[in-house]
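I opened this model to look up a few things. My notes follow in the order I took them.

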Amino acid sequence: MRIRKFRKEDAKEVSNIIRRCLREVVSKDYPKKAIVGLCDFFTPALLIKNSKNRHLFVAVEKDKIIGTASLKDNTALTVFVNPDIHGKGVGSKLMDKVEGLAEKNGYKIIKLPSGLSSVEFYKKRGYKKVKVIHSKDHGDTVEMKKNLK
């Protein structure tokens, strides 16, 4: 497996992975309305647009995209891995990439908004809860942060 920069021709495949994660994993913790809204939001066009104002990466194995993560300033965003291979180290490799880049860019802290299903993954990586943001329509988002070396 390797991590590389996102290319615009990756957009449809990345969008599909994100939507699968939302439907198959994240949906256990959030209202259906929120999941439908997020699936509508994470279009290939949005990913191409986001790639212009943040560092967007993909994890690739045998020419197939298996995960994605991005970094904007010192905030990790849009971290998703193909649900078929959760727990195999793909998310950790993606986080190593964005954390390393944040550190290289001079940041002492990295932040991220986490869905409920990902909090334990981030805790194992040294992240601490900062606060929980409650939304009646969209469910809870956990703001987390980690000190970089």
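I started with the largest pocket, whose volume is about 1,100 Å³. A pocket here is an open set of points on a 1 Å grid over the protein atoms alone, with protein on both sides within 12 Å along at least five of seven lines; lining residues have an atom within 4 Å of a point. Grid points are joined across faces, edges and corners, and the volume is the space filled by probe spheres set on the points. The model is predicted: local features need pLDDT of at least 70, side-chain atom pairs count only at pLDDT 80 or more, and totals for chains, interfaces and linings use all residues. Residues are numbered from 1 along each chain as its sequence is written, and side-chain values use heavy atoms, without hydrogens and water.

I looked up the lining next. It has 40 residues, with Val 26, Val 79, Phe 80, Gly 115 and Ser 118 nearest the pocket's centre. Which element gives the most to the lining? E4 does, with six residues. Helix H1 (11-24) and helix H4 (90-104) are among the elements that supply at least two each. Helices (H or I, at least four residues) and strands (E, at least two) are DSSP runs, numbered from the N terminus. By class I noted 22 nonpolar, 15 polar and three charged lining residues. Nonpolar means Ala, Val, Leu, Ile, Met, Phe, Trp, Tyr, Cys and Pro; charged means Asp, Glu, Lys and Arg; the others, Gly among them, are polar.

**Cysteines.** How many disulfides does the structure hold? I found zero. A disulfide is a pair of cysteine sulfur atoms within 2.5 Å. The closest cysteine sulfur to that of Cys 21 is in Cys 39, 10 Å away, so it is too far for a bond. Cys 21 is buried at 2% relative accessible area, and Cys 39 is buried at 6%. Buried means under 20%, exposed over 50%, partly exposed in between (1.4 Å probe, protein chains only).

**Helix H2.** I listed its buried residues: Ala 34, Ile 35 and Cys 39. They lie on the same side of H2 because they cover an arc of only 135° around the axis. The arc is that of the directions from the helix axis to the C-beta atoms. Exposed Lys 33 and Asp 40 sit on the face turned away from the buried side.

**Strand E7.** I checked its pairing last. E5 and E7 are antiparallel over six bridges, and Pro 113 has Glu 143 as its bridge partner. Strands pair if DSSP finds at least two bridges between them. E6 (residues 128-133) also pairs with E7 in the antiparallel sense, over five bridges. There Ile 133 stands opposite Thr 141.

Terms used
1 Å grid on protein atoms, 1.4 Å probe; cavity = no way out; pocket = protein on both sides within 12 Å on 5 of 7 lines; lining within 4 Å.
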